[in-house]
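Dear colleague,

Please find the structure below, followed by a summary of what was found in it.

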Amino acid sequence: MKYISTRTKNFTPINSAEAILQGLADDGGLFVPESIPKITLDEIKDLVDKNYSQRAVAVLKKFLTDYTEDELFESAELAYDWFDVASKVPLTILVKDEQHKNSPVGVMELYHGNTSAFKDMALQMLPQLMTRALKKVGETKEILILVATSGDTGKAALAGFADVPQTKIMVFYPADGVSKIQKLQMVTQTGNNVNVTAVRGNFDDCQNGVKNIFNNAEIRAELAKSNVKLSSANSINWGRLVPQICYYVASYAEFVSSGSIKLGDTVNVAVPTGNFGNILAAYYAKRMGVPIKKLICASNINHILTDFFKTGVYDRNRDFYKTITPSMDILISSNLERLLYHETNGNTERVKTFMQELNETGKYKINSSLKNRLDKIFYADYATEEETSNLINEVFGNYKYIVDTHTAVAMMVLGKYRRNTKDMSPVMLASTASPFKFTNAVLKALGENVDGVDDFEQLDKLSWKTKKAVPKNLAALSTAKILHENICDKNEMAEQVLKFAAK
Ligand SMILES: *Cc1c(COP(=O)(O)O)cnc(C)c1O
């Protein structure tokens, strides 16, 4: 299996290891597989009684053909080693009542990793794939991963890369722009190859600073002298996308294993969407042959994707809202580019034009035949803040089950889909964060008073309410040692990078 760019015709194909190390193609495009491999129902049947790593390898080996099966299995075992449940991605099955027993919702709990967010699924695997890629291509330089974070990605990337040989990781976060828990998660990170630096500024300052460093040839040359090469753990890296395809295949096998559906039954998939990475993974699973009918793309009030699927126009010229689902507060869904590539049958010229228009005018329009194709695959809608809050309360009332705000958005939109279309097929729904990660909004939704209640007390309160233990990684924060107190101005970021690289 070789990889090519979404933006250049006759691009010279490269191996997956090279694509993962490079991150982004030289022409600015994203790497995509030359073709989408198939998985048969018989192969899925074989996975029904297998564990998560075995299921993951069955998918990975079809995409990453330059890795051996042993390498992939070892990578999966190391990546998912410290998840707090043996099954790694439990499928909690919700059935409303006897009348709805043929319409189960399988909630894919993707948040049992070491930072309690679904980004762990990919950011634990990426370093494993990267270090093995370094060996494959004979790269001897040290890789320095630079991350700008608004909270969640930073910690997940730190946890993934900590003490991984031949890598260093440096995370910049806005000094006053993250929650107390998010900050503690980062500044207590252990590992000999990690650096966490606060920036006096907001998230955009951090992100622009990192972008400028990537684009600065002088800095790159300076780093090369210390034998260091920059890379990113951004969600456009193929090494972050491919581990996500696995959980749709694995969860389908799990759904069959639970007895709630039969092998071959079609299901719909609902995903709370931001950068379009997670739902694109579901799209690849569907294209591989997993019996998935509709992909339900759920947004919050920053519903640029809902508008895109409904009108065929992607337009970022609009107000931006900060919501109780911060990980979905996004106006540029980068991974949509890969979908456009596949659904235009690899028309790189058109994809390039769309992306140029987006860059220059902030918008682009697809034609009606492409829109019709997407209509057959996707359903898109959004939930308001109030709907999201109410849904958390309602789900708790009905099932004694607590979901985080992002998961609630997907559940709300699933409800809209079912009411509008009367399609009551079984559903796999992506649950992307532990409710303990968004304790404040969840407690408020449940009608609790949180005014003046300290973050750790809130964790205890939610634990008492749900009768579930606070995830270990979050509970440990109240006593963890602070290891990173570095802070800089936004114009000092490059200097900080050079200093850390030379260490
Ligand atoms: C990142 C994230 C999302 C959005 O996922 P994309 O792959 O960017 O669409 C949704 N929920 C949570 C909790 C996240 O951290």
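Does Tyr80 count as buried or exposed? At 1% relative accessibility, Tyr80 counts as buried (under 20% relative accessible area; exposed is over 50% and partly exposed lies in between, with a 1.4 Å probe and protein chains only).

This is a predicted model: local features need pLDDT of at least 70, side-chain atom pairs count only at pLDDT 80 or more, and totals for chains, interfaces and linings use all residues. Residues are numbered from 1 along each chain as its sequence is written, and side-chain values use heavy atoms, with hydrogens and water left out.

The whole structure holds 18 aromatic pairs (rings of Phe, Tyr and Trp, the last by its six-membered ring, with centres within 6.5 Å; planes under 30 degrees apart are stacked, over 60 edge-to-face and the rest tilted). Phe63 and Tyr284 make an edge-to-face pair, at 6.3 Å centre to centre and 80 degrees between the planes. This pair joins helix α3 (residues 52–63) to helix α12 across 221 residues; helices are DSSP runs of H or I, at least four residues, numbered from the N terminus. Phe63 is buried at 0% relative accessibility, and Tyr284 is likewise buried at 0%.

In α12, 10 of the 12 residues are buried, among them Ala281, Ala285 and Met288. Beyond its neighbours within four places in sequence, Ile245 is in contact with residues including Phe63, Ala281, Tyr284, Ala285 and Met288 (heavy atoms within 4.5 Å). Just after α12, Gly289 has a positive phi of about 125 degrees.

Yours sincerely

Notes:
Helix = DSSP H or I, 4+ residues; strand = E, 2+ residues; numbered from the N terminus.
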